[in-house]
Amino acid sequence: MDSFGVTEGLLSATDAERLVKQLRPFGIVDICTPPWLAQHASVEQLNLQAHHSAMIQAEEFVKESLVAHDKLPVLVEELLAAELWRAAVWPLVRPRLLPDMPAGGLLKPHLVARHEGALVNLLEVLLFHADALMALGDSLLELLDYAFRKLSWLGDNLPEVQARMFEASSAASSSSSSSTAAAAADELAERWMRVDFNATLNTISVISMAAEHIGQLPLAVVNKLIKDNDMPCALAAFILASPWRRKDRGKTYTYDVSRQRWSPLEASEMARVHLTEAHSWMALNNLLLDDACRNKYFISTRTKPLLLKLKPLLLESLIDQIPPLRDLQRFLENLTMFDPPAPTDKASVFLIEQVPEIRQRLQRTNWQQAAEIQLPILLAEMHKTDEISRLAEAFSFSGIQDLLDKPKCAKCGQPAPKRCSRCKNEWYCCEDHQRASWKNHKPICDMISKDSAKQSAAAPK
C-alpha cells in the first residue's frame with residue numbers, strides 16, 4: 001500500500017471512505033488549484049473503484065460511503081462548476097492564455113474536461129441504486145437539468161458531432177503536422193465534444209432511474225421531468241435520432257460507451273438493443289404510463305406526431321428484449337385513434353416551483369473577475385511534489401490495464417499496439433499519432449515518469 005491508500009491498483013473500503021470524507025465543493029475560481037487537482041485525482045480513483053465493484057458484483061463500498069457521508073450533492077455541484085467553467089471562464093481566458101502557453105500546454109483545461117467526464121461516469125454507476133438516487137435530494141433536480149441540457153445540445157449538433165467523432169482518425173491525420181497553440185486549443189475542443197457526447201449517453205441511465213422510481217420522488221422532480229423539460233418529447237427525439245448507431249459506406253456501426261469507440265455491427269447483431277437505447281425506451285415508457293406522470297403530462301398537437309413516429313420502431317424483436325414496451329405499444333395505438341385526455345392534476349397550479357439553486361448560485365460569479373484569477377493559475381506550471389504525485393497516481397493507477405478493455409490510441413481512438421515507453425500510460429496506433437500527441441502528452445508523461453522514478457529510488461532494496 002502506498003501513501004495514497006492504493007492496494008494493487010484499487011482502493012480498500014477504508015481508503016475509499018477517507019477520500020469520500022475529504023470531498024468538498026470548490027468555487028469556480030478554485031478550479032485547477034492544487035487542492036482541486038488533488039480532489040480530481042480522488043474522483044478518478046473513486047470512479048475506477050466504483051465501476052470495478054459493479055463489474056465484479058462485489059460490495060459497492062464507494063456508493064455506501066458517498067451516501068452515508070452525504071457527498072453525492074458535492075459531486076453534482078462539482079459537475080455543474082466544471083460545466084460553467086468551460087462555458088463562461090474558458091472563453092475569457094483562452095485568447096490570453098494561448099500566446100503565453102506554458103510548457104505544460106493545456107494540461108489543466110484538459111483536466112477540467114476529464115473531471116466533468118469522470119463525475120458523470122461516477123454518478124451514472126452510483127445512481128443505478130435507488131438509495132443513491134434518493135440521497136441526492138434537491139441535487140437530483142440540478143442533475144436532471146444537466147441531463148436535459150446535454151440532450152438538447154446533442155439534438156442540435158448530432159450530425160456534426162457524430163461525423164467528427166466517427167472520422168476522428170482521418171481528422172487527426174490531417175491536423176497532426178500542426179503543434180501550435182491554436183491546434184492544441186482545437187484538440188481541447190475535440191476533447192470537450194467527446195465529454196459532451198459520452199455525458200449525454202451516460203445521463204440517459206440517470207433519467208431512466210429517476211423515471212423508474214418516479215412515484216417515490218418529490219413532486220418537484222416529477223414537474224421537472226414532465227412540465228419544465230418535457231422529457232418525454234426529448235427522449236422521443238433522442239430515440240428517433242439513435243445517436244449510438246451510424247451508417248458509413250454500407251456498414252453499420254454502434255458506439256460502445258464504456259470503451260468510447262465505434263465498432264462495426266455484424267448482421268446477426270442488428271436487432272440487439274443498445275444499452276442506451278434500452279434506458280431511453282424504459283424512461284419514456286415510465287414517464288408516459290406511470291399515473292404520477294400521466295395525470296400531469298399534456299400531449300399537445302406538436303408532441304403527438306412526434307410520439308407516433310415511434311410506432312414503427314416497436315418491433316417484436318425489440319419488445320422481446322424489453323417486454324414492458326408492450327404497454328407502450330398499446331398506448332401509442334390508442335393515441336393514433338383518440339386524442340389523449342387532458343391532465344387531471346389541478347392542484348399543481350398551487351405548486352411553488354423549485355429552482356436549481358446550485359447552478360443559480362454558481363452563475364452569480366463575476367466571470368471577468370474569475371477569469372483574472374484563473375489566468376495565473378492556468379499559466380503556473382505544476383511543480384509541487386504533492387500535486388504531481390497525486391495526479392501521477394490517478395493517471396498511472398497500478399493494475400488499471402487489467403480492468404480496462406483493449407487499449408486505444410490517445411489520438412484517434414483506434415486499437416493501439418504501441419505504448420509510451422516512458423510513462424506506460426498512453427497508447428498509440430502509429431508513430432505519427434504518437435509524435436502528433438507529444439506536445440500535450442509530455443507534461444503528464446514527465447509527471448508520471450519522474451514520480452515513478454522517485455518511488456523506485458525510495459523503495460527498499
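Contact here means heavy atoms within 4.5 Å. With that settled, here are my notes.

**Entry 1: ground rules.** I am reading a predicted model, where local features need pLDDT of at least 70, side-chain atom pairs count only at pLDDT 80 or more, and totals for chains, interfaces and linings use all residues. Residues are numbered from 1 along each chain as its sequence is written, and side-chain values use heavy atoms, with hydrogens and water left out.

**Entry 2: the whole chain.** I found 21 helices and seven strands in the protein chain; helices (H or I, at least four residues) and strands (E, at least two) are DSSP runs, numbered from the N terminus. Of its 461 residues, 52% are buried, meaning under 20% relative accessible area with a 1.4 Å probe, protein chains only.

**Entry 3: K304.** I looked up K304 in helix 14 (residues 303-308). Is K304 buried or exposed? K304 counts as buried because its relative accessible area is 17%. Leaving out residues up to four places away in sequence, K304 touches I299, L335, T336, F338 and D339. Its side chain also comes to 3.3 Å from the backbone oxygen of L335.

**Entry 4: helix 18.** Next I turned to helix 18, residues 367-379. Where does helix 18 bend? I see a bend of about 25 degrees at I373, with the proline P376 following within four residues; the angle is taken between axes fitted to the seven residues ending there and the seven starting there. Buried residues of helix 18 include A370, A371 and Q374. I noted that the buried residues of helix 18 pack against helix 4 (72-97) and helix 5 (107-126).

Methods. Expected span 1.5 Å × (residues − 1). Buried < 20%, exposed > 50% of the residue type's maximum accessible area, 1.4 Å probe, protein only. Polar contact = N/O pair within 3.5 Å; in protein donor to acceptor, adjacent residues only side chain to side chain.
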